[in-house]
Amino acid sequence: MIEESRLTCLRRWFVVAGDETTKSRLRWRRAALALLMFAAAGYGALVGTAYGVVRHHRGLTELRFADVALPWRWSRYRVARGDELVRLAEQLFAQEKYREALMYLKTGVAHSPANRDGRLLLARLLVASGQGTLARRTLFDGLPYHAGDAAYWRPLLGTLLQEQADAVVIALARRYLPRTPRSAASARTLALAAATASYFRQDYAACAEFLRRCPALAGSRDGRLLLAKADYDAGYRELALVQLRALAGEDSGDYDVLRELAFCWRESGRPEEGRRALLACALARPAQNPARVDLLRLYYEQRDQDAIARSLTEFARDGPREPGLLIAAAGAAADAGDLPGVRRLLAAAPPEHAMTGEFLAIEAMLTARDYEAALAAVRTLATDAANAGPGSPALIASLRAIAYLGIGDAADARAFVATLLAQPRLRPDNLLAVANRLAALDGGELARQALKRAVEIDPLYQPALARLVELDLLLNRVDDLAVDARRLTELRRPPVELLRVVRHKLSTDLFLYSPENEGALAAIERVVARARRR
């Protein structure tokens with residue numbers, strides 16, 4: 001009996017304990033559910049508030065509630081926020097607040113990397129602020145999103161071609177063209193850029209290959225013009241002339257085609273054909289047509305006085321309507337040393353071009369070798385330099401240097417060359433023009449200084465570097481010729497005949513101990529060998 005009683009008590013205790021455990025579990029479950037519901041309500045209220053803020057106050061109307069509520073969709077909010085910052089940056093850019101726009105664009109594009117317009121504007125502002133390398137990287141980073149967009153390719157390829165990064169352009173084309181439909185606009189843009197880069201590097205077979213990748217491009221005006229230029233440079237001159245004449249027949253006012261045709265005619269020993277090509281272009285589209293200025297320069301070169309007088313009359317007649325063309329024609333007259341022609345043209349120019357006219361008149365005096373008159377005129381002009389624009393001190397210094405060298409005063413010429421080179425914002429093409437004038441007056445060392453500065457400003461400006469190599473040859477600059485010649489071989493379409501002369505010079509005993517000699521000779525030999533294979 002005692003054992004049975006104990007068993008009964010034990011059973012009752014387990015039943016009571018089980019009931020207590022069950023009740024405890026239920027209480028915990030209810031508490032956890034209440035806490036979860038409270039947290040969900042709080043999270044919902046928080047998300048609702050956040051959604052209202054971002055949708056109504058920040059203007060993200062395309063954003064959905066789930067994009068804010070669900071963590072795995074928060075990336076959409078990030079993108080929407082980035083797009084909003086890009087729109088704000090575009091408004092600041094329109095207001096010419098470029099620094100603020102750049103700041104917003106950097107953050108906006110980081111949040112929304114697929115925003116094409118924001119990325120293009122960011123690259124544009126980076127270039128304007130002198131951050132070209134970062135701008136290029138920004139455009140490259142956008143390729144995974146926009147490889148099929150021709151509007152995105154154009155600024156990237158244009159930047160690369162401007163920087164002479166031809167190998168990069170060709171590599172991009174070989175990578176992306178096979179995966180792009182031939183009929184796509186992006187394929188045409190990429191193929192044309194790669195063909196142009198190949199042409200610049202004198203790889204004419206690759207140029208033709210890229211053009212054939214897109215049938216629409218090969219049959220287009222741009223493709224046919226580039227192929228004609230490649231054929232001409234490759235030695236197929238008659239074929240190129242046939243192609244250019246066919247293009248000119250389709251559009252008698254196409255300046256680029258007719259100018260190329262005129263150049264080819266003249267190089268082929270038929271200058272009259274070139275003259276007719278320029279004349280046809282000038283007659284087809286007389287308004288604001290640079291062919292008219294080219295034609296005037298040709299008349300001066302051929303010393304056709306009747307044609308010169310007739311052309312000057314036409315420019316003076318059209319001057320009030322076309323002041324830009326009139327000033328360009330006055331520049332052609334100044335380069336020919338025709339002071340009466342310059343005066344005649346500028347008499348028809350608007351008053352705001354009076355100072356430009358004075359500069360051109362002095363340049364005409366220098367070309368005509370009337371250095372005393374030029375020096376007197378530039379001294380008078382120097383008193384009005386404050387009103388002549390930001391570039392006038394450099395221009396006045398260059399004119400004075402040339403005039404003083406012309407009258408035999410080398411000391412003053414040196415002083416004004418130093419003044420010129422100390423000026424800010426110099427242009428390489430202007431420095432090249434000054435150097436040519438100084439070199440023509442036996443001022444080779446002064447000309448070298450101007451050319452060195454031009455190459456420092458723009459290392460890719462080939463005309464200045466080629467002229468510098470010529471002066472290195474002339475002046476026997478042992479320490480500079482090999483360095484400058486090697487840099488010339490790295491640029492587009494290096495002048496092979498000049499490099500042959502350099503190779504001969506570097507092979508003499510005078511340059512035997514130049515430390516750069518061996519590398520320069522090897523680089524020149526590669527360029528000459530490529531020219532020999534074509």
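A contact is defined here as a pair of heavy atoms within 4.5 Å. Among contacts in the chain between residues at least 6 apart in sequence, 54% join residues at least 24 apart. The structure is a predicted model, in which local features need pLDDT of at least 70 and side-chain atom pairs count only at pLDDT 80 or more, while totals for chains, interfaces and linings use all residues. Residues are numbered from 1 along each chain as its sequence is written, and side-chain values use heavy atoms, with hydrogens and water left out.

The chain contains 30 helices and 0 strands, these being DSSP runs numbered from the N terminus (helices, H or I, at least four residues; strands, E, at least two). Of its 534 residues, 42% are buried, where buried denotes under 20% relative accessible area, exposed over 50% and partly exposed in between (1.4 Å probe, protein chains only). The accessible surface of the chain amounts to about 28800 Å², with 55% belonging to carbon and sulfur atoms; the areas were computed by the Shrake-Rupley method with a 1.4 Å probe.

Two helix pairs were examined. The axes of helix 18 (residues 305-318) and helix 20 (residues 339-346) come within 9 Å and cross at roughly 25°. Axes are lines fitted to C-alpha atoms over the stretch in contact, and angles run from 0 to 180 degrees between N-to-C directions. Helices 18 and 20 are therefore roughly parallel (under 35 degrees; over 145 is roughly antiparallel, 65 to 115 roughly perpendicular and the rest oblique). The residues that meet are Ala309, Leu312, Thr313, Phe315 and Ala316 in helix 18, and Gly341, Arg344 and Leu345 in helix 20. This contact of helix 18 with helix 20 comprises 5 nonpolar, 2 polar and 1 charged residues; Ala, Val, Leu, Ile, Met, Phe, Trp, Tyr, Cys and Pro count as nonpolar, Asp, Glu, Lys and Arg as charged, and the others, Gly among them, as polar.

For helix 25 (residues 428-440) and helix 26 (residues 444-457), the axes come within 8 Å and cross at roughly 165°, which makes the pair roughly antiparallel. Residues of helix 25 in this contact include Leu431, Leu432 and Ala435, and those of helix 26 include Ala447, Ala450 and Arg453. The contact of helix 25 with helix 26 has 12 nonpolar, no polar and 1 charged residues.

Most residues other than glycine have a negative phi. Gln202, however, has a positive phi of about 60°. Gln202 lies in the loop between helix 10 (185-200) and helix 11 (204-213) and is buried, at 13% relative accessible area. Arg369 likewise has a positive phi, near 65°, and is found in the loop between helix 21 (354-367) and helix 22 (371-382), but Arg369 is exposed, with 54% relative accessibility.
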